[in-house]
Amino acid sequence: MSNTHSTSRTQPSQNDRKQTHDERAEADDRRPTPMRVLRSAREQLSELTGLVPEAVTSFEQTADGWSLEVEVVEIDRVPDTMSVMATYQVELSPDGELEGYRRVRRYERGRVEPRRSGG
């Protein structure tokens, strides 16, 4: 009796499995971690606007990349509670590159947002 099984389809070798694992690990290394995205967003916004980010107050991964809200000091005043602050909406690509930003709010540091009804 002869062997009728094809020898062209074989199990992946250990080297093939290792390459696949290595390729996955390399892809994971290229994907930015949330902390890398936060740092990158702050650096890129600062470079473009000349403003120093104080805090990231909102951060989420979206279908198109990342979306953040960043607080900055726009005008430094004395006393500090009179400094003019701003909130910027920052959009980043999935790999953490800045795609756009816009100022969404401006206020004095010492002011508290009024409570919104119905929300």
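**View 1. How confident is the model, and where?** This is a predicted model, in which local features need pLDDT of at least 70 and side-chain atom pairs count only at pLDDT 80 or more, while totals for chains, interfaces and linings use all residues. Residues are numbered from 1 along each chain as its sequence is written, and side-chain values use heavy atoms, leaving out hydrogens and water. The protein chain averages a pLDDT (the predictor's confidence in each residue, from 0 to 100) of 83, and 71% of the residues score at least 70. Confidence is lowest in helix α1 (residues 14–30), with a mean of 58, and highest in strand β3 (residues 84–92), at 97. Helices (H or I, at least four residues) and strands (E, at least two) are DSSP runs, numbered from the N terminus.

View 2. Eight bridges join strand β1 (residues 53–62) to β2, and the two run antiparallel; strands pair if DSSP finds at least two bridges between them. Two residues lie between β1 and β2 in this hairpin.

**View 3. Strand β2 and its other neighbour.** β2 also pairs with β3, in the antiparallel sense, over nine bridges. Val70 has Tyr88 in β3 as its bridge partner. Nine of the eleven residues of β2 (residues 65–75) are buried, meaning under 20% relative accessible area with a 1.4 Å probe, protein chains only.

**View 4. Around Leu45.** Not counting residues up to four places away in sequence, Leu45 touches Gly50, Val70, Val72, Tyr88, Val90, Leu98 and Tyr101, where contact means heavy atoms within 4.5 Å.

Note on methods:
Buried means under 20% relative accessible area, exposed over 50%, partly exposed in between (1.4 Å probe, protein chains only).
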